[in-house]
Amino acid sequence: MTPLLQRFVFCNNNRRSLTALLRCCGRDATNPFLAVVESHFVRDQTRFLSSNSNINACNKFKEEEIYDVVVIGGGHAGCEASAACARMGVKTALLTQHIDTIGVMSCNPSFGGIGKGHLLREIDALDGLSPRICDHAGIQFRVLNRSKGPAVWGPRAQIDRSLYQARMKNEILSTTGLDVIEDTVEDLQLDVNEQDGTRHVKGVVTGSGRVIPCKSTIITTGTFLRGEIHIGLEVTPAGRKGERPTVGLAKTLEDVCNFRMGRMRTGTPPRLDRDSINFSSMVEQKSDFPPSPFSYLTQQVDQIDHLVSCHMTNTTRDCHDVVKETMDQNYHIQEEVVGPRYCPSIESKVLRFKDKHQHQVWLEPEGLTSNVIYPNGISMTMPPEYQEKFVQLMPGLEHAKIIQHGYGVAYDYVDPRQLHHTLETRKVSGLFLAGQINGTTGYEEAAAQGLIAGVNAALLSKGEGSFIIDRAEGYMGVLVDDLVTNGVSEPYRMFTSRAEYRLSLRADNADVRLTRKGFNIGCVSSERYNQSLKTIDLIEDVMEELNRTSKSVHEWLKLVTPSRKLAFDGKPRSATDLIGGGFCTVEDLQAVVPSISGLDTATKERIYIESLYSQYLDKQEESISYYRREEKLLLPDDLDYRTITSLPNEAIEALSESRPKTLGAAGRLRGVTPSSTLILLQYVKKQQRHLRQ
C-alpha cells in the first residue's frame, strides 16, 4: 500500500471510494473486502473505516480518536489550517466532502497580485504550502505595479489547475499527523458550562452520523454554507457546481451558536475552448523572464521551460446590450445580496459604469495540457444562450465555443466582528472560522486566514497562548484586524492601500518580519529558519558595508559614473545614498563594495529596495511605535459605552457592536472619530485612577 493511501480515513457511505481504494491496492474489490482492509490496518497501523460494513471498528474509532483539531473543508483555508496544525505537532483531522477536490481552484487560475502577492509571501515565510505549490504549478509569472515603488509591487502567477491541485492533494495526504476524512459535517457538539453559560466545542457530527471528538474546530466552508448556484432564473442548491451545500452546519451556527450571519454572492465566467479562439487580433502578454518565485525556498520555478502568454480582448457596446436585454432573466443580479466590488460580474459593470462602452477581458490558459481558457473579467449569470451570444460579440471570439457556462453563487457568512484576532469565535471557545465564511474573497485571503486559525487552534490545544500578527508586522495582520474590527459590508479583498505601514510591509522582506516569529511557536521548520537567518545576515552585512562606505562627491566620480548629476554640496555620500537616490545601481558598486560580488539577482534586488527606503523607515518606525502604544492600552471587557455620555451615538453604536480590545482598535472603527477616541482615552484613564485610589 502506498504512503498516500495510508493517509486516507474513509468515513462516508460511498462504497465507490472503498472500491477505488482496494483497486489501487491491487486487490479484488469484491467481498470479502474487509479482510483486505483489516490486513493493511494491522500491518501498517493505518485506519480504514467503512460506515456500512464495520460498525465495531467505527465505535472503536469514536472512543479512541480524539483529535486536537478538526478542520472542516479542504479548500485553500482548510489546507493551510490543517497543514499548520500538523506542523506544530498536534493531532489533526481534515474533513472534506470529496478527497479528489482537496486544493481545487474553484474560480480563476491564478494566485497573487497587488496586496495578494504580499499575503502569499507572508504565508511562505510561515512555512505555508500554497506559495511553494504555485512555484511548481505556475505557468506565467509577472510582478505587477513595476512602474511604482517596490513597496507596492505585486507578484502574480497564472497556475496550471491540474498541477496545483495534484500537488496540494499530495502534500495534504502525505503530511505526518494529519488524517483526511471523507465526509460532510452537519453539526457541532458543544459543551455548555451550567454556571456561566459559556460554550466550548467538543466535537463534530458528520453526515454519516458519526461524532468525532476534538479540542478545537476550524470551519473553512468557503461558499458551501447554504450555497446556491444561479444561472439565469434557475436556482440550484450547491456550494460549487455539482457539489451539495452545507445546510445543517449553517443552521447550527445561526440557531444554536447565535452568530450574526449575512449573505454574499460571487460568480465565475464561462470557460472557452482554446481551439475556437482567434488570438491574432489580441494583445499578447508574455511572462516575466526570469520568473520571480513566490517562495523564499525556490531557486527556479518548475515550469520555466513551459511559460505561456495571456491575451487581451474587450467587451463591446453590443455585448452590453445583451446584458441590458437579459436583466429580467437574471436572478443573481436582481437578488438583494452584496457582491464583490473589486471583481464584479459583467452585469454589475454594465449597470455601474453606464458611460463605459468596453471593458478589458484577459484570456488566461488553465493549464499546459488543458484546452480551457478562462476569460477574466466577464463573470456572468445570464441564461446560457445569452452567454454564448455575449461571448461571440467580442473581438477574436466570434466563433468561440463555451465549455462550461458562467454562474453565480450566493452563500452565508458569519459577521467577523464576533471573532478574536486569533480567529477564534467569542461566543464558542475552541471554534475558529477562516476564509469566505468570514466575508472575504480570494484564494490568498482564505489561505492566510487558514494559517492563522490553524496556528492558534494548535496553540490552544497545547495550552500555549496565541499567535497574533499586528498591522505593523504583516498584511495578514491588516487582513485579520480589518475583519475583526470593522467587519464587512461586501466581500473583502486585500490591497496594498489597506496597510498603513507599506514601506515596512513589502513582498521582499516577509521572511525578515515573520519567519523568526513563526519558528518560535513551532510553525516554521528548522530548515527554513536557518536559511532565513543566513539570508538576513547576508543582507545586513552588505547593508552595513554600504553604509560604511562613504565618500565625497569628487571621490565617487572617480569610481563610478552616476546616472544623474550629483550635487557638489560638500556633504559625503554613502554607497546606500547613491543606490537609494537612483544615482547608480547595485551592480555599479561591485568594484567599490566587495561584498556585492557573487550575490544572486534576488538578493541584489533586496539590497536595492533596502537602500531605496532606508531614509524613510526611521520616520515610519515612529508611527509604528505610536500605534503599538495605543494597542497596549486595553479597554475593559465589561465597559458599557452608553455610560460615556460625551460620546456621540454613532461611536457608541460602533463600539458596542465591535467590542474592541484596545484603544487603537477602537480608533480604527467606522464611526469613531479622533475626538471620540480622545474622549474614550480620558474616560478609561479616569476609571483607572479611581481603581488605584
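How many helices and strands does the protein chain have?

## Overall make-up

The protein chain has 23 helices and 24 strands. The model is a predicted one. The chain holds 693 residues, and 57% of them count as buried.

Contacts can also be sorted by how far apart the partners lie in sequence. Among contacts between residues at least 6 apart, 72% join residues at least 24 apart.

## Aromatic pairs

A search of the whole structure gives 5 aromatic pairs. One of them is formed by Phe141 and Phe294, whose ring centres are 6.4 Å apart. The planes of these two rings meet at 50°, so the pair counts as tilted; the tilted class lies between stacked, under 30 degrees, and edge-to-face, over 60.

This pair links distant parts of the chain, 153 residues apart. Phe141 belongs to strand S5 (residues 138–144), while Phe294 is in the loop between strand S15 (283–285) and strand S16 (310–314). Phe141 has a relative accessibility of 1% and therefore counts as buried, because the cut-off for buried is under 20%. Phe294 is buried as well, with a relative accessible area of 0%. Elsewhere, ring pairs join Phe111, Tyr164 and Tyr443 into a cluster.

## Charges over rings

The charged end of Lys91 sits over the ring of Tyr67, at 5.6 Å from the ring centre. Arg498 has its charged end over the ring of Tyr492, and here the distance to the centre is 4.1 Å.

## The second largest pocket

The second largest pocket contains about 1000 Å³ of space. Its lining is made of 38 residues, and those nearest its centre are Pro293, Thr298, Asp600, Ala602 and Thr603. The elements giving two or more residues to this lining are helix H6 (116–125), helix H16 (510–520), helix H17 (526–548) and helix H20 (601–632).

## Backbone details

Which two residues does a cis peptide bond join? They are Phe289 and Pro290, and omega there is about 0°. Pro290 is in the loop between S15 and S16, the loop that also holds Phe294.

Asn145 has a phi of about 70° and is located in the loop between S5 and strand S6 (154–159). Arg659 has a phi near 50° and lies in the loop between helix H21 (649–658) and helix H22 (663–667). With 26% relative accessibility, Arg659 counts as partly exposed.

Notes: Residues numbered from 1 in each chain as written. Predicted model: local features only at pLDDT ≥ 70, side-chain atom pairs only at ≥ 80, totals over all residues. Heavy atoms only, no water. Phe/Tyr/Trp six-rings, centres within 6.5 Å; stacked < 30°, edge-to-face > 60°. Helix = DSSP H or I, 4+ residues; strand = E, 2+ residues; numbered from the N terminus. Buried < 20%, exposed > 50% of the residue type's maximum accessible area, 1.4 Å probe, protein only. Lys NZ or Arg CZ within 6 Å of the ring centre and 35° of its normal. Contact = heavy atoms within 4.5 Å. 1 Å grid on protein atoms, 1.4 Å probe; cavity = no way out; pocket = protein on both sides within 12 Å on 5 of 7 lines; lining within 4 Å. Points joined across faces, edges and corners; volume = space filled by probe spheres on them.
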